[in-house]
Amino acid sequence: MSAGRTQAWGPVTLELHQQDLHGAATLTLRDPERRNVMGPPLFDGLEAAILQLEQWTAAGRFHPFSESPPDDAVRVVLVRGEGSAFCAGFDLGLLAEDPDPAQPLLASFLRRLGGCVRRLRALPATSMAVVQGPALAGGCALAMACDLTLACPEARLGYPVHAIGLSPAVSGPVLAARVGAGAARSLLVSGEIVDGARALAMGLVHQLAPDPASLHDHARQVAAQLLAKGPRALAATRRWLLELDGSIDAAACSSALQASLATTGSPGGRSMLQSAWSSRGRR
Amino acid sequence: MPELIHIDDRDGIRTLSLNRPEARNALSLPVIEALESALAATAADPAVRVLVLRGEGKSFCAGMDLRGVIDDPVRMGTMLHTLARCSLAIRSLRVPAIACVRGAAIGGGCGLMATCDLALTHAEARLGYPEVDLGICPAVVAPILMRRIGAGRARAMLLTGGVVDGTEAHRLGLATHLAPEADLESAARSLAERLAAGGAEAIATTKAWLADLESELDAQTMRRAADLSARIIQGPEAQQRLRAKFAPPPRTDG
């Protein structure tokens, strides 16, 4: 990577590119041994990084319909995971240990995921997820929050959360805006995990690099192309699309979150989680 | 003066041809106004069963003709609003509309293609929305393209700009039919004949029902889109990029 300023919050780093990708930032999930699972440290890091991005992108400080972004604003954000996975979703080990049958930890994960997705999508910058391996459940939601998703055939995307007694409804609005109501329904109801090629055909992924090794360079090329577009035109177009697709409308996001929350703390919830966790190696 | 939209009627199939081949059928204000009139006449003619929209010459349409209007905000706004009304007119026709796209459909031209119910092209065609490359916001096209290929793909296509070939456009759903270039007109003709043979009332009702289901493009959204696009074109970023494209400054260095 180019010389840049990097900040770290636990398992999340944020790099501000200063040379060849000036105007871009890379958010990296860095817990590769645990496939970048989402637990409190990762959410802490993600929220801190998004807050920093809100400042770097000048969110709320210019109106893309009438003003240009400030010259020093970050305009392109790459989101990636270190190691073989993009992000394997919630930390099931931690959730399985939660002794409270009301599952308050699971509820907090859902709220924090919903918040991160909305804030990432609302940034006045074009965002791009780079998916080289599993991007599952919450990890898939994070990839779908971005404007573009680049992947390779080895990618695995899906929402296999019914196995832990949870509804993936929280991911519905953004997923439906991405792939349409029919494909979203099929993915959320079946819990099916699709590979890179199938994800491209369904519209979960927009471009496919031939292999994980070339994916990184491909992402840098796309970032460089995006940086060459008119910054104001891009910001205004994003904002208009967000308004038209309604994917982060407060009411829709809130009812989707409530639907997922309603499936936490169910009588069988904890035992499903524990059994899913103890059989994890066999899947 | 040659007509800017050529109209041909045969067996209930009305063919509207953009007729400015020397400018790759670029959409100047007179062309867009002629198209709006031709669409109004089509809507009012009960003998028409199918509309085919095509371009004379090598290209379907090179997009908005921005030469001469770059520094004329009023005329620019009129062009965008008239084009937005043309899109609404195509969507609200009772008869199916087929775009027959040879060569290229760029920007506003690709918007017309996406507005038609069906779009036929060939593998080598160049199609897309390079607006953001020029500092322009493709706001008018956005709601139409979202309904055509879905919001997620529309987002990727509009934000990354550039153009794609006919094969990729077909994969994305922007083109509904692909034919060899040499057979393009005859393929469009047989598609039109098949549609003309269908029950007119059934097709009109189906179109209206689909429009209901997808929350039809309303005039207010399209007006806002045209206003937004006009505002971004008048900003310094677009002005600078458009001038560099249409009026390259004389080179003084080697």
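**Figure 1. Salt bridges within and between the chains.** Over all chains, the whole structure holds 29 salt bridges, each being a side-chain nitrogen of Lys or Arg within 4 Å of a carboxyl oxygen of Asp or Glu. The model is predicted: local features need pLDDT of at least 70, side-chain atom pairs count only at pLDDT 80 or more, and totals for chains, interfaces and linings use all residues. Residues are numbered from 1 along each chain as its sequence is written, chains are lettered from A and ligands numbered from 1 in the order in which they are written, and side-chain values use heavy atoms, with hydrogens and water left out.

**Figure 2. The salt bridge between A:D245 and A:R121.** The closest N and O atoms of A:D245 and A:R121 are 3.3 Å apart. Helices (H or I, at least four residues) and strands (E, at least two) are DSSP runs, numbered from the N terminus. With a relative accessible area of 17%, A:D245 is buried; A:R121 is buried too, at 3%. Buried means under 20% relative accessible area, exposed means over 50%, and partly exposed lies in between (1.4 Å probe, protein chains only).

Figure 3. The side chains of A:D147 and B:R155 meet at 2.5 Å, N to O.

**Figure 4. The salt bridge between B:D11 and B:R189.** Here the closest N and O atoms are 3.5 Å apart. B:D11 sits in the loop between strand 1 (5–10) and strand 2 of chain B, and B:R189 in helix 7 (residues 184–197) of chain B, so the pair ties together parts that are 178 residues apart in sequence. B:D11 is exposed, at 65% relative accessible area, whereas B:R189 is partly exposed, at 21%. Elsewhere, salt bridges that share partners join A:R121, A:D147, A:R238, A:D245 and B:R155 into one network.

**Figure 5. An aromatic cluster of A:F43, A:F90 and A:F109.** Over all chains, the structure holds three aromatic pairs. Rings of Phe, Tyr and Trp (its six-membered ring) pair if their centres lie within 6.5 Å; planes under 30 degrees apart count as stacked, over 60 as edge-to-face and the rest as tilted. A:F43 and A:F90 form an edge-to-face pair, with 6.2 Å from centre to centre and 65° between the planes. This pair links distant parts of the chain, 47 residues apart: A:F43 is in helix 1 of chain A, and A:F90 is in the loop between strand 4 (76–81) and helix 2 (92–97) of chain A. A:F43 is buried, with a relative accessible area of 0%, and A:F90 is buried at 9%. The rings of A:F90 and A:F109 are also edge-to-face, with centres 5.4 Å apart and planes at 70°. A:F109 lies in helix 3 (residues 104–122) of chain A, 19 residues from A:F90. Like A:F90, A:F109 is buried.

**Figure 6. Charges over rings in chains A and B.** A:R239 lies over the face of A:F65, at 5.6 Å from the ring centre. In chain B, the charged end of B:K245 sits over the ring of B:F246, 5.8 Å from the centre of that ring. A charge sits over a ring if NZ of Lys or CZ of Arg is within 6 Å of the ring centre and within 35 degrees of the ring normal.

**Figure 7. A nonpolar surface patch of B:W209, B:L210 and B:L213.** Together these residues have about 360 Å² of accessible area, a value from the Shrake-Rupley method with a 1.4 Å probe, in which only the protein chains shown count as cover for residues. Patches are made of residues with over 30% relative accessible area and no salt bridge; like charges are joined within 9 Å, and nonpolar side chains (Val, Leu, Ile, Met, Phe, Trp, Tyr) within 5 Å. B:W209 is in helix 8 (residues 200–213) of chain B and is exposed, at 52% relative accessibility.

**Figure 8. A:R35 and its positive phi.** A:R35 is not a glycine, yet its phi is positive, about 50°. This residue lies in the loop between strand 3 (24–29) and helix 1 (40–56) of chain A. With 38% relative accessibility, A:R35 is partly exposed.
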